[in-house]
Amino acid sequence: MSNVLWVLFSIVAYVAGLYIMLKTTPMLLARSYDEGLFMAIAAADILGAILSFGGIVVMFAIFNGNIVIKIIDFLLLIGILLITGRLAMFSLRPRYVAGTNKISQIVAGIYCICLVVSSIYYMVVIFQS
């Protein structure tokens, strides 16, 4: 398959993953962490993260770490950093509205903080190789 198609599929996977994370993470806040629906939504959220990071890894692997691809991947990782940082702040913000679970907020916030830390880690790793 052509490299152009791989890059196109990678960018589509990246955008789809970010969209999934943006739509599913706020839905976690209204559910209890031991509900089945919480687990299904969390699985969809994890799938979104896998798609986002997978799109970056595929482009990096196809072009063997070319400097232009490293810069593009760095910019895409900044996108993940900004979006997951925003989701972490949204999840951990105190709410006094009925229907939000404190434990679910903490779980979603920690998950988003882990994504922020992993994107920072991969920003460092990209330029060390």
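Predicted model: local features only at pLDDT ≥ 70, side-chain atom pairs only at ≥ 80, totals over all residues.
Helix α3, spanning residues 67-92, packs with helix α4, spanning residues 102-128, at an angle of about 160 degrees, and their axes lie 8 Å apart. Because angles over 145 degrees count as roughly antiparallel, α3 is described as roughly antiparallel to α4. The crossing in which α3 passes α4 is left-handed, and the contact of α3 with α4 comprises, by class, 21 nonpolar, six polar and two charged residues.

With ring centres required to lie within 6.5 Å, the count comes to three aromatic pairs. In one of them, F53 and Y122 adopt a tilted arrangement, with 6.0 Å centre to centre and 55 degrees between the planes. Since F53 belongs to helix α2 (residues 36-62) and Y122 to helix α4, this pair ties together parts that are 69 residues apart in sequence. F53 is buried, its relative accessible area being 16%, whereas Y122, with a relative accessible area of 40%, is partly exposed. Ring pairs also link F53 and Y122 with Y121 into a cluster.

A pair between F74 and F127 is edge-to-face, with 5.6 Å centre to centre and 65 degrees between the planes. F74 is located in helix α3 and F127 in helix α4, so that parts 53 residues apart in sequence are tied together by this pair. Both residues count as partly exposed, F74 at 27% relative accessibility and F127 at 41%.

Technical notes:
Residues numbered from 1 in each chain as written. Heavy atoms only, no water. Axes fitted to C-alpha atoms, helices over the stretch in contact; angles between N-to-C directions. Helix = DSSP H or I, 4+ residues; strand = E, 2+ residues; numbered from the N terminus. Parallel < 35°, antiparallel > 145°, perpendicular 65-115°, else oblique. Left-handed = near helix turned anticlockwise from the far one by under 90°. Nonpolar A, V, L, I, M, F, W, Y, C, P; charged D, E, K, R; others polar. Phe/Tyr/Trp six-rings, centres within 6.5 Å; stacked < 30°, edge-to-face > 60°. Buried < 20%, exposed > 50% of the residue type's maximum accessible area, 1.4 Å probe, protein only.
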